[in-house]
Amino acid sequence: MSANDTQHSGEGALNQILDEHEGLLALLDALDEYLRRDAPQSQLQTAFAKLTDAIGAHFQSEETLMAENDYAYLPAHRQEHAAILQDLQQVLVSSQNAASRTHFNVIKRKLMIHLQGKDRSLLQDMGGAEAAID
Ligand SMILES: [Fe+2]
Ligand SMILES: [Fe+2]
């Protein structure tokens, strides 16, 4: 089996999702630390942009993997991704681009609800119950 075959199998897809989730959690932690240290607004905005870009890229890659694996709940999952991205955009606009603790809390809450809901179901469907346990 080639590396490419593995990537498209359930196990490869599962590992990719888990890796990307870890990456998102690391970016959340980094941003949390910047806010705690009262970092300059420019630094905060860069970290927020990095996080929202990573969330968008992850949602895209997750949707591609779900499509490749003929995942039955793809439409509902995709809808939730789109709603989260729209919410994040609204938060950004309403905060007039100021990076704040409130902004961070909204992003974190929405992301964690998704990871523990639809993503947990996806991981369980792809890799068994133990794969989704944090
Ligand atoms: Fe997802
Ligand atoms: Fe995800």
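Tutor: The largest nonpolar core holds 11 residues: Leu31, Leu44, Ala47, Phe48, Leu51, Ile55, Leu88, Ala99, Phe104, Ile107 and Leu111. Helix H3 (41–68) and H5 each supply at least two residues of this core, and H3 gives the most, with 5 residues. A nonpolar core is a set of buried Ala, Val, Leu, Ile, Met, Phe, Trp, Tyr and Cys residues joined through C-beta atoms within 7 Å. Buried means that 20 or more other C-beta atoms lie within 10 Å of the residue's own, exposed that 12 or fewer do, and partly exposed is in between, with C-beta atoms placed from the backbone.

This is a predicted model, in which local features need pLDDT of at least 70 and side-chain atom pairs count only at pLDDT 80 or more, while totals for chains, interfaces and linings use all residues. Residues are numbered from 1 along each chain as its sequence is written, and chains are lettered from A and ligands numbered from 1 in the order in which they are written.

The chain has 6 helices and 0 strands; these are DSSP runs numbered from the N terminus (helices H or I, at least four residues; strands E, at least two).

In H5, the buried residues include His103, Phe104, Ile107 and Leu111. They cover an arc of only 95 degrees around the axis, which puts them on the same side of H5; the arc is that of the directions from the helix axis to the C-beta atoms. The face turned away from that buried side carries the exposed residues Arg101, Thr102, Arg109 and Gln116.
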